[in-house]
Amino acid sequence: MKDLNLTEEIVLWAVWRLEDNAYGVTIRDHLFRKTGRLYPYGTLYSTLAELEKLGYAKKTVADPSPVRGGRSKNYYRVTPYGLGALKAALALKAALWDKDSILALEKS
Amino acid sequence: MTPNDAPRPPRLFERFLEVMANRGDASAIAGDVAEEFHHRAEERGPARARLWYRLFVLRSVPSFVRHSLRWSLTMFKNYLTIALRVMNRHRAFSFINIAGLAAGMACSLMIGLFVVHESGYDRFHERADRIFRVYADLRQDGEDLSGAWTPPPQAKALVEDFPEVEAAARLSPWPRELLVTARDRSFLEGGLLYADASFFEIFTYTFIFGDPRTALANPGTVVLSRSIAEKYFGHGDPVGEIMTFRDRNQDFKVTGVIEDPPANSHLRFDMMAALVGTASSAGTRWTQHTYFTYVLLREGATGAALEAKLPDFTRRRYGPQFFADTGRRYEDYFGSGEHHYGYRLEPLTAIHLDSRVTDTLSLKGNPAHLKVLSAVALFILLIAGINFMNLATARFAHRSREVGIRKVLGSQKRQLVVQFLGESLLLSSTAFILALGLIALALPAFARLAQRPLVFGDMARGPFPALMGIVVLVVGLVSGGYPAFFLSSFEPQATLKGRLAVRGRGHVRLRRGLVLVQFAVGFAVIFGTAVISRQMDFLGRRDLGFDRDHVVVIHRADALGAAAEGFERELLTRPEILQVSRSESLPGRHFDTTGHRPEGAPAEDEITLMTTYVDARFADLLGLELVAGRFFSPEVPTDATSAVVINERAARELGLSDPVGKRFHKGFGDAKEGEFVTIIGVLKDFHIASLHQDVLPVLLRPLSPADWRLTSVKVRGERLPQTLAFIERAWKESTGGQPFQYSFLDEDFAALYESERRAGRIFSAFSALAVLVSCLGLYGLVSFTAEQRMREIGIRKTFGASTASLAGLLSREVVVIVAAPPAFWLARAWLRDFAYRVPIRPLMFVAAAGTVLAVAVLSVGLRTVRAAAANPVETLRCE
């Protein structure tokens, strides 16, 4: 299993949080609210494509809607494999950021 | 919210976004942005939303450009590196490839220059499309005697009778050679013509000094070309200066200077003098044919419409004169269908290539030669293109591994296609640049050979830039196209494991097919060259019925005047000078065409004979043989007035079985009833014109001083320069230092085939190149294969498989014989121009095919032997 880099981790996290409603607009919106950063679609989609290739996310193409000018919508879902990757990332974070480390960082 | 009343994102930017977006997810991205647009439109209004949309798209441009350009630049660099590396690795091979194509391009471009030059004659005149030349369409006894010469009063009559004729001008069609003096400078000038005042109204020439409308209006005026004006008068304005034409003892006043007339015109002159005021220009006889007549039609009038009115015009104008001259009605004589006389028009721009009649003004183009040359140009380009394609394919085929690696590394088929096409375009462009260099080097020589002023700069004009672009593109794309599409479709595993491309039989067969096409073309070209050179050889060696060798012809010999006797006596004191003779003309030059009929024969039985005036030594000088009677003799006084000598052909045409002593009416023009001349001798047939024509009926009349133009001197072949120097010295002494102008009779005669000879030389030069290029290609191909199979050859140390493949290749080359029928047909069409021609023998086909095969074997064999002779240790060690 390949480790996630930070962008991948963040995007995969957003997909996981949005559950059934993860697609371009909602992911961007959600990340904006959480991080204050507006991710460019180019970054989002190339990351999503990478995640899909790694088997961490699964894409389903939904029917086009008039609001989208008759264009299809790509929904993403986290695969069990992807869930494992997220857990591993969390485990790594938790291992690194134990109480001592956090205290030490705040004091410095 | 319904889709109809919902605000829409700006169309243009929407499309732009889709183009820029990632290929796979373009639709989804555009959809996302559209959705966001809608949220914004609902929250803050459509105008703000649209503004946001535009800004969003624009903001993403820089990163898109950076992204895509970085990759294509990197790839381009990589492609270029690989291309140069491959070129460098097979240096000789690349050179053959590029040089062959460059040579082919250079050849065909030069021929193209020539063809364009030839077909662009006389188009520089502003009103070229409205200018026509009138010619006389004459047929007698079914024989076509049409000529460009027309009666003196015709031009005036045309303007009077037809309102659609805006202007008409006559031109004296004999470029004169005379001694011109001005400001103490004397030169022999060859390019003097006479024309009516309206000449410069009809034709467009740029006047530097003087007024085109009045320049030739008065008698004794002349317009000079810039170079002539500068030769005599320097750079100033020479208008008003006087020039003396010594031979005519006449002074001419300069009234204008024009820029040197362009070379691509059938009208060649350095000086144009006023026709008005010359003795013959006021002539009113419609039965005389002395001038060329050009008409300028009014806007909107067509030549065809005017031509339709000319039969009536001929009857009205020419008819009465014809009746007065011959006592026969025009309608009766020319209405029968056996004879015909009328006037027709030919467009100015068609005179150089398509004229139905000959004239004396310039070397005419030959449309047949032009066609042959165009075909050769195409052939060469075809051969070079095939070569290039073959070699490129062969080389690309050995890069299947590279294709495999590239594919494994994620290269798409499209990228591979672009790479290979780009590479072959690079090669063909390199070849093109090399071709330009070759042209710059070779064009002067070619221009001399073709006798046309072709310059490098011509290529920037007309169809050339487009044409060259097309050639480079087509050759590059076609030759790169096959490997590009073929190779890029391989499965990477297959190419990496099995070197599939090299084993593929399909493209090997294609390559062999192309080689065969090349050799078929090469065969046709060699065959054509053989036919032309044999025919030229034949013409050169054929017995003309007279001895043309070692005869020096002195021009303007009448300048000797009374000193002639002394001059001739002095010449004959020398042992190396065998005979001297005076005449008006000589074989290979112009003979008058005159009508004659035997005594007692009715007027319709008039026969056309080729006439000239000669002295008593003429037959001896030319080695003409008598079959009956005697030649002129100074001892018989009546010879000078009433004796003639004819040749056998003339006797046949006159219907005389025993001609000596027979009389016939003195010729046309000066004919008075009851005046006769007597035939005193009959000569064996001899040719006076090129062998395009059959032997012509000849009538020789005794020379009077007024008719004398040439003196011929028969010399021994050895020590020619000294003899010539001696003749010149004697000439200068006798004439008071007049320029000595001479030629050799055999060369004059050979000049009759000048056009064929030049075409032949051009043809052989280019065909040699064509064959060379195809051999180069074959050699390259074989050496490439041999190199690839060095190990195999090394192991076998015999010819082994390579002999077999060689034999296979060669056995198929016998297929070149398919090119035989078209080659035969073309050669026959060319030969049909000659009354005397060499037969086309089967042996010539065999020889041509043999040459092609020999060349092929040689180029293949050379390389194979070298490969086979290599030390196997060397070749195997590199494993």
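Tutor: Setting aside residues within four places in sequence, B:Phe207 contacts B:Pro212, B:Gly256 and B:Ile258, where contact requires C-beta atoms, placed from the backbone, to lie within 7 Å. This is a predicted model, in which local features need pLDDT of at least 70 and side-chain atom pairs count only at pLDDT 80 or more, while totals for chains, interfaces and linings use all residues. Residues are numbered from 1 along each chain as its sequence is written, and chains are lettered from A in the order in which they are written.

Student: Why is B:Phe207 called partly exposed?

Tutor: A residue is buried if 20 or more other C-beta atoms lie within 10 Å of its own, exposed if 12 or fewer, and partly exposed in between. B:Phe207 has 15 such neighbours, so B:Phe207 is partly exposed.

Student: What makes H1(B) oblique to H2(B)?

Tutor: The axes of helix H1 (residues 11–20) and H2 of chain B come within 8 Å and cross at roughly 140°. Angles under 35 degrees count as roughly parallel, over 145 as roughly antiparallel, 65 to 115 as roughly perpendicular and the rest as oblique. The pair is therefore oblique.

Student: Which residues meet between H1(B) and H2(B)?

Tutor: B:Glu14, B:Leu17 and B:Glu18 of H1(B) meet B:Ala26, B:Ala30 and B:Val33 of H2(B).

Student: How many residues does each chain bring to the contact between chains A and B?

Tutor: Chain B brings 17 residues and chain A brings 15. Helix H2 (residues 26–44) of chain B supplies the largest share of chain B's side, 11 residues.

How values were computed: Two residues are in contact if their C-beta atoms, placed from the backbone, lie within 7 Å. Helices (H or I, at least four residues) and strands (E, at least two) are DSSP runs, numbered from the N terminus. Axes are lines fitted to C-alpha atoms, for helices over the stretch in contact, and angles run from 0 to 180 degrees between N-to-C directions.
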